[in-house]
Structure formats: C-alpha cells, structure tokens
Number of protein chains: 2
Amino acid sequence: MTTTNNPKKWIIKNGVFATGQAIVEGCMVIEDGMIAYIGSQEPEDASQLPSVEGKGLLFMPGLVNSHGHTAMSLLRGYGDDMVLQEWLQTKMWPMEAKFTSDDVYWGSSLSIVEMLKSGTTTFLDMYDHMDRVAQVVDESGMRAVLARGVIGLCSEEEQERKLAESIAFAKNWHGGANGRITVMMSPHAPYTCPPAYIERFVQAAHDLDLPLHTHMSETAAEVQQNVNDYGLRPVAHLEKLGFFSRPSLVAHAVHLTDEEIEILAANKVAVSHNPGSNLKLASGVAKVPQMLKAGVVVSLGTDSSASNNNLDMFEEMRLAALIHKGVSGDPTAVPALEALRMGTLYGAQSLYLDNLGTLEAGMKADFIALDVDQAHFLPRTDYISHVVYSAAGQDVRHVWVEGRQVVKNRECLLLDEEKIRFEAQAAFEGLLAR
Amino acid sequence: MTTTNNPKKWIIKNGVFATGQAIVEGCMVIEDGMIAYIGSQEPEDASQLPSVEGKGLLFMPGLVNSHGHTAMSLLRGYGDDMVLQEWLQTKMWPMEAKFTSDDVYWGSSLSIVEMLKSGTTTFLDMYDHMDRVAQVVDESGMRAVLARGVIGLCSEEEQERKLAESIAFAKNWHGGANGRITVMMSPHAPYTCPPAYIERFVQAAHDLDLPLHTHMSETAAEVQQNVNDYGLRPVAHLEKLGFFSRPSLVAHAVHLTDEEIEILAANKVAVSHNPGSNLKLASGVAKVPQMLKAGVVVSLGTDSSASNNNLDMFEEMRLAALIHKGVSGDPTAVPALEALRMGTLYGAQSLYLDNLGTLEAGMKADFIALDVDQAHFLPRTDYISHVVYSAAGQDVRHVWVEGRQVVKNRECLLLDEEKIRFEAQAAFEGLLAR
C-alpha cells in the first residue's frame, strides 16, 4: 500500500477526455474535489499547479454500478448453470443464511477492490449488515448508495425490527463518509414483501426524504405470481402502494408491457438494467430500446458476482450495446454513446446523485484513466466506440473519486488488496465449514 | 523485445491446470513441443528438468479463434451502429478497396499482438494478400489456418486468377512455419460466388486434400436471396455443390432450420459461431444449443475487429455461455465447460487440427497462464466457471505455442509491439489520406 498526495488544486495535461458528450484533447483542472475546467487551452495558472501527465491515457467519467449485492462475491462460482429455484434453494440461500457481519465486510471488500480496479467509482448495494459495507466504503475512498434490502416474509415483530434497522442505518449513514455515502430505503421485492409492509417503507422514505429501491419484474414467473396474489402486474401494484410517489429506482424490469413502460416514464422511475445477470439466470432480455425511447432513465448494474460473475461495468456497457441489436434486429439500437451514458451519467441520475457522471466544469471529479497504448485501442478512430466495444476493466490504470486518487497503476491506494484476497477466501472456507 | 530459451524438455511445477476436462493441481512436462505428462505427482526426472514456477497461475489450453479477418483491425471503430448495407457500402468496402499488401501486413500484425496477449494461440484468417498474413504468423510464433477468401462476382478471367492464387497460396504455405500454418480453400459465400465457381473450389480442395471454409446464412436476407436465386436455402445449396463432401467449416450459421441442423450434423460440417459480431451487426442469435445437441462441432470466432470490436476470445466464450441462456430461457444452456470447449477443443476440431485443444499427454503444447491472484478469481470455487464467467484477455500473463514461449509477463517475445502499433496507426492514416 502506498499513499498519495491530494492537492487542493491540480491539473492533468496532454490528456484525451471522453466527457460523456464529446472528445476533448487538452487539460482538466480539479479543485476541491470538483472539475473546475476542461478544455483544449491551458488556463492561465496552469504552470503553477501540480500536474499529472495524461499522454497515452484516456480519461472518462467513473462508472456507476446501479444494482448489486457486493457481499455475495463470496459465492462467485459456487453455483452456475442451474435452474433458478434450485440455485437459490440449494446454493445461495443456505450459504447466505450463514453470513456473519464479518463475511459481509470481507465479501464487500473483495467486490470494492474489483470494482475500483475496473473503473467503477460509485455503486449501489442492497444487502444486510449494511454498517459493515458502509465501513469498507468509508475506508476505500469509493462513493456508494447503500440500502438495507428487507425481505418481509416474516413475523410482524421481525418486520418491525428490520424496518427500524433500515431507518437507523439511514439516519446513521446518509451523508456519511464525507458525503460519499447516501442511503435508499429498500423493500426487497413485491413478491417478498406484503403490500402493507411496502407502504411502510414508502412512508419512511417520505419521512426521511430518501429515494426507494427494489427488485421488480425480473422473471416472468414473479410477474404472474403478482397477478395471482394481488390482481395486478408489479408496476401497477407498486404505483398503487405509492412507491412511485418517491424518487425511485427499480432493478431488472425485464418483463414489462408497453403500458408499464409508459407508467415508469410518466412517474420518472429509473431502471437498473442488469444484462449479464438477466442472461445468466435466463430471466430474459429487457426492452431497453423501448424504455430509452419512452424517456425512462436506464442505467446499468452487475447484480451480484454470484450471477454475473464479475463486476466489470465495461462488460455491462458492451452487453447493453450488443444484445438489444441482436435481439431486435436493429443495428442502430443502443449506440455506443448511449451505452456509455447508461454506465455513467444515467447511473448517477438513477441513484439521485447530482453533479455526477460527465466530465464538465462543476461536476464531481470522479473519473478514471485507461491505458490506450494497446493494440485493441487502435487505430485512433473513435474513442467512444473503443471504450464500449473493445475495452475491459483491466485497461483502467488510475482512478480518482472526488479528486482523490484511489487507484494508481492498477493498485488500490487505500485498501490492502492482499489481505482482502486472503480474508475473503478464508471467509468462504469458513462458510463451507460451518 | 526480449528472447527466451526454449529447452527441449521442461516442467511447470505447482500449477493449477484446467485441462478441458478436469482441474489438475500438480505439474506438466513439455517435450519437443508436446505435452509429455500432466498430473498431481512429479515424474522421476522432475528435479533434473528446467522448471517454471506455476504458483498463482491457472494453466489452460490456448484459445482457438475459428473465424476472422485480421487485417480489418485497421478499421476498428471506423463505423459502428449502422445498418449493414450502409456500413459495408459507405465504410468497409471503400476502405478495403484501398488495402495494399503492407496494410494487410500491419493490420494482421496488430491483430496478432492483440490475440496472443489475450490468450489465443490459433486463429483462422480469411482475407486477401495472404502471403503477408503468413509472413506475420511465421514471425510471431503463432499457429494459424489461412484461407484466401475469394469473391467470385467478377469476370471469368479474374475468377481464374483468384482461384489460381488460392491454389498457389495453398501449395506454398500448407505446412509452413514449421507446420504451424495449414490452409483451407475458401469461396467467400454462396451469395458472392456463382455455383459453378464454388464447385471449382470443391474440386481444388479434393485435389489438394484440404478442408473448405465459407460464410453461410449470416443474415436472413442472404438466406432469402439464395432461395430466390437458386431455389434452395444455403445448406441444401452447398450440399448440392459437393461442399460437404470435404471436411468443411461454415462461419455464422445464424439462420438455420431444424432440418438444416440435421444436414450439418450428418455431414460432420463444423460451425464457427461468432456471437459478438452477430449481435453487433444485428444478424440474430444462432441456434447453438440445438446444434450442440444435434452433435455439430460448434467453435467460436470473433469475426473481424470492425464488427466486434476486439479479438478477446474470453468474451466470445462468455457471450456463448450467456446469450443462449437469456434467449432460450434455459439457464442450463451452454454450461461453462461446454463454452470453454467451444473456445478450445471444438475450435481445433473445427479447423481440422489434430492433437490440439486440451491439456493431456500427447497433445501439442499450446497453452496459456492466467494470473489468478486477483479479486475476480476469488473465492477458489470453480476455475472453469471463473474462466468463462469472470476472466478477460488481460488476465493472460504467459503464452506458449508448441512449447515455445511467445508471451511473457504480458509482452510478446517475438514481435515489436511498439513498432506494430505505430505502423498500424500510420497505415490507417494512409488509407484515410488516399
């Protein structure tokens, strides 16, 4: 582990910047964790500022992973190629039932190492023992939106306890880690929470002025179950419960009717599209081109590394750009720049984070640098195309969050990677042995 | 550029080996370019052999890319997100018409750097100026199957010239580069070659005792055109022309009926599935689970980096494992081990190369080593799963072809990477300027 200086004001020179709108060749000034200037001309005080050489690097906004369960990295590769219910019942749930708060700490640490090194600067996590996740976020220098994901299929007493825990977590951690942590209220899903319980989360979100997050319409079976149980498909069900009266983000949204897409758009509900996980679990292919066309903010999430099986957001951008072309038969569906925005700006919007997701003056200085002196970034035709259709997480060389460098030459500066790898493996072996 | 010693007999100790059938922890002995032994016990002469330390590395068969056009790396990112005919007519064809043999040399060199560093040890190339591609293969230490891809929509005189060129290339290069180069005869596609011309390639393949390769049924439109022009779908058309009387490999095969799959299986025709390219060009999703079930050998190809846009075979394995689950709704479709075999053993079989594609005694020593001391390879649950669902080309640290090391610590030993990057960029700029 090395340390780094974090000057108040500094400059990157001779860089190429994929801002999220255009390509700028020139320099970028960072001041107090914000982007103060970006352009082809050097500002007047450039020569007096500490500087970083940008030659051979492509700078772009840090990636935003809008849905996942980071502690589940401990179950990566523990069950694959199985029917969903068998996978959940024989593999995931028995192991997750044994998770301690330390398991969550080391699993989330492993995920944060992987995410930071592959260029993700902000992630949403929905899980349990969220205090321990917040602890790693604080230590790592990363930005996160944290949500205690609550399953309500339990006694009223336990429901009370979980809701109280969610509220306490929000009060403790919303705005924590110097503002890098925000909180969402999160009933797990319409099929795991009774309607009255979901309404209590909606009320709590109103009381605390927080957004809401939930899983929705991931599989055809759960949509049918919703219809059987409540006489409504999940979108109308959640709308009826007031869910969309709050700023809200739904994960998956694979099985939607055209009318449901209109309801989401009208209510400004954001969607976290998880293409890798949806394919791997055979859930289906979400109607992303239609959602984008209707004006829904669609961002990208990896889901957990138990159903992905990595946390590389370059892959999710590429999948989003590729599968909707192949399935729709339209090669212009989800073009490269739109996929890049889904992985950056729309991610920030989905998480209700302001001033984040592009490289512009006035935006938070969360950005990454890719080593483009490599064969797969040649020729120098179109950097946006190369980022979406050719790059991978391992091309990321440096990462900054709020102007502070957290990855340098592919090493995490604030985390002990070797210890985390060792402890995560030990935690998995402990789960197996218990 | 550095050099390396290539001892006649040597051993890798303390490695983990994904053989293509199982995981072996132990050692592997290489002798005269072949695998002499693999197992958990050290052989008696182990202490006298030059050894390589395998700790922290996962060894697996080199990847086999069974369809591509390497020179087209010069057009990576030059046109994306466009309708196919517009892309071909306004972007690809005008530029390709300007390609000189030097352009092919530098474009193929760029692709070979990318392929070797991402773990591909054998590739098929179908293009023009194949002498120059053979030259790079010879220099690089890589293994290749080369085919002069011939478009027959031209005068009889030009048809004669191209066929003669194909035959001369086969005579010059089949068995070249110390046996690392083999040749296939390759009419470009049923829609670009008149039937009588295809028959002449079939005859030449018989005369030279070589396999045949062609594009087939990539788009719904070309299938319909075949029916309009010849009254038959492409499979029956090629069968009628005697194409399948030779060992043959067809690329794409996206649009097949169940009967066509049976014909391919009955004739032992191999298929190169190109999932990335088929998605990006919106060609559709091939019926891979059905083909595998019918006994068709299905391997994987990247197609060119103009329609992919990289040559990372880990990505093609992952796409093959993911998209058929998502599209079919069956999470057990194309499990991890099958995807790995598609990228290795089935690739070798598709290219009619013997003793290649697994790590076993008696097989050619074409193999790669992945750095698995990284977060995304943890925990140590299932290395096959990690390779298919989590790894990327950049995880490859070392590469050997026929026992000779060609990549060491992520650097090509036999190629000048910096010069190749420079010359490829210059070649692209030259094409733009002409």
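Predicted model: local features only at pLDDT ≥ 70, side-chain atom pairs only at ≥ 80, totals over all residues.
1. On the contact between the chains: 51 residues from chain B and 51 residues from chain A take part. On the side of chain B that touches chain A, at least two residues each come from α2 (101-117), α9 (275-280), α11 (313-328), α14 (383-389) and α15 (417-433) of chain B, and α11(B) gives the most, with five residues. By residue class, that side of chain B divides into 24 nonpolar, 16 polar and eleven charged residues.

2. On symmetry: chain B is superposed on chain A by a rotation of 180 degrees with 0.0 Å of shift along its axis, at an RMSD of 0.0 Å, which is the relation of a two-fold axis. The C-alpha of chain B nearest the axis belongs to Gln394(B), 3.1 Å from it. Because 100% of the interface residues of chain B are also interface residues in chain A, the copies meet through the same surface.

3. On helix α5 of chain A (residues 195-208): its 14 residues, at 1.5 Å a residue, should span 20 Å, and this agrees with its end C-alpha atoms, which are 20 Å apart. Its buried residues are Tyr197(A), Ile198(A), Arg200(A), Phe201(A), Val202(A) and Ala205(A), and these pack against α4 (156-173), β10 (186-187) and β11 (212-216) of chain A. Just after α5(A), Asp209(A) takes a positive phi of about 55 degrees.

4. On the core: the largest nonpolar core has 292 residues, of which Phe59(A) and Phe59(B) touch the most other members. Leaving aside neighbours within four places in sequence, the contacts of Phe59(B) include Ile12(B), Val16(B), Phe17(B), Met28(B), Leu359(B) and Phe367(B).

5. On cis peptide bonds: the bond from Leu378(A) to Pro379(A) is cis, with omega near -10 degrees, and Pro379(A) lies in the loop between β15 (367-371) and α14 (383-389) of chain A. The bond from Asn308(B) to Asn309(B) is also cis, with omega near 10 degrees, and Asn309(B) lies in the loop between β14 (298-300) and α11 of chain B. Most peptide bonds are trans, and most residues other than glycine have a negative phi.

6. On positive phi: Ala282(B), although not a glycine, has a positive phi of about 60 degrees, and its place is in the loop between α9 and α10 (288-294) of chain B. Ala282(B) counts as buried because it has 21 C-beta neighbours inside 10 Å. Arg410(B), likewise not a glycine, has a positive phi of about 70 degrees and lies in the loop between β17 (404-408) and β18 (411-412) of chain B; with 13 C-beta neighbours inside 10 Å, Arg410(B) counts as partly exposed.

Technical notes
Residues numbered from 1 in each chain as written. Chains lettered and ligands numbered in written order. Contact = placed C-beta atoms within 7 Å. Helix = DSSP H or I, 4+ residues; strand = E, 2+ residues; numbered from the N terminus. Nonpolar A, V, L, I, M, F, W, Y, C, P; charged D, E, K, R; others polar. Least-squares fit on C-alpha atoms with pLDDT ≥ 70 in both. Expected span 1.5 Å × (residues − 1). Buried ≥ 20, exposed ≤ 12 C-beta atoms within 10 Å, placed from the backbone. Core = buried A, V, L, I, M, F, W, Y, C linked by C-beta atoms within 7 Å.
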